[in-house]
Amino acid sequence: MDSLAQQVRENTYRAWITMRTDPRPATETPRHHRLKGGLAHGTHRGQTCEQWQIEVTGGGRIWYLLDTVRKTCWITFAGTGHPRATDRR
């Protein structure tokens with residue numbers, strides 16, 4: 001996440017605020033939405049959670065698990081390049 005913050009500090013800060021205040025928006029957008037298919041869920045400390053994405057730049061993304069039990073977001077990916085896990089083959 002450090003490299004993302006160094007390149008686009010303001011956008012990264014806004015993403016952090018969004019994760020804290022509106023981690024599951026009522027209306028998803030192309031820049032903030034739940035991941036689909038096999039990426040729609042992840043596990044943290046034995047708890048299965050929804051996995052969401054915030055597009056910070058054209059290629060930069062933050063993925064996080066929304067842990068409703070602990071009222072916490074767990075970051076699973078933060079990078080300046082588009083995550084390969086979403087590439088279609």
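**Entry 1: a loop residue**

I began with Arg45, which sits in the loop between strand S2 (41–44) and S3. For the labels I use DSSP runs numbered from the N terminus: helices are H or I runs of at least four residues, and strands are E runs of at least two. This is a predicted model, where local features need pLDDT of at least 70 and side-chain atom pairs count only at pLDDT 80 or more, while totals for chains, interfaces and linings use all residues. Residues are numbered from 1 along each chain as its sequence is written, and side-chain values use heavy atoms, with hydrogens and water left out.

What is the phi of Arg45? I found a positive value of about 50°, although Arg45 is not a glycine. I also looked up its exposure, using these cut-offs: buried is under 20% relative accessible area, exposed is over 50%, and partly exposed is in between (1.4 Å probe, protein chains only). Arg45 has a relative accessible area of 61%, so I noted it as exposed.

**Entry 2: a hairpin**

Next I went to strands S4 (residues 61–67) and S5 (residues 72–79), which run antiparallel and are joined by 7 bridges. Two strands pair if DSSP finds at least two bridges between them. Within this pairing, I found Leu65 standing opposite Trp74 in S5.

How many residues lie between S4 and S5 in the hairpin? I noted 4, and Lys71 is in the turn. Lys71 also has a positive phi, near 50°, in a residue other than glycine. With a relative accessible area of 78%, Lys71 is exposed.

**Entry 3: an aromatic pair**

I looked for aromatic pairs and noted 2 in the structure. My rule was that rings of Phe, Tyr and Trp (its six-membered ring) pair if their centres lie within 6.5 Å; planes under 30 degrees apart count as stacked, over 60 as edge-to-face and the rest as tilted. One of the pairs is Trp63 with Phe77, and it is tilted, with 5.7 Å centre to centre and 50° between the planes. The pair links distant parts of the chain, with Trp63 in strand S4 and Phe77 in strand S5, 14 residues apart.

Are the two partners buried or exposed? Trp63 is buried at 6% relative accessibility, whereas Phe77 is partly exposed at 27%.

**Entry 4: salt bridges**

Side chains of opposite charge can pair when their charged atoms come close. I counted a salt bridge when a side-chain nitrogen of Lys or Arg is within 4 Å of a carboxyl oxygen of Asp or Glu. My search of the whole structure gave 5 salt bridges.

One of them joins Glu50 and Arg34, at 4.0 Å from N to O. Glu50 lies in strand S3 (residues 47–55) and Arg34 in strand S1 (residues 32–34), so this pair ties together parts that are 16 residues apart in sequence. Arg34 is partly exposed, at 22% relative accessible area. I also found Arg24, Arg34 and Glu50 linked in a network of salt bridges.

Glu55 and Arg61 form another salt bridge, again listed at 4.0 Å, N to O. Both of these residues are buried.

Then I checked Asp67 and Arg70, whose closest N and O atoms are 2.9 Å apart in a salt bridge. Asp67 is buried at 0% relative accessibility, but Arg70 is partly exposed at 36%.

**Entry 5: cysteines**

How many disulfides does the structure hold? I noted 0, taking a disulfide as a pair of cysteine sulfur atoms within 2.5 Å. Cys49 is in no disulfide, and its nearest cysteine sulfur, that of Cys73, is 9.5 Å away. Cys49 is buried at 2% relative accessibility, while Cys73 is partly exposed at 22%.

**Entry 6: a residue in a helix**

My last stop was Leu4, in helix H1 (residues 2–7). Leu4 is buried, with a relative accessible area of 0%. I checked its contacts, meaning heavy atoms within 4.5 Å. Leaving aside neighbours within four places in sequence, Leu4 is in contact with residues including Arg9, Val56, Arg61, Ile62 and Thr80. Leu4 and Gly81 are 77 residues apart in sequence, yet their C-alpha atoms are 9.2 Å apart in space.
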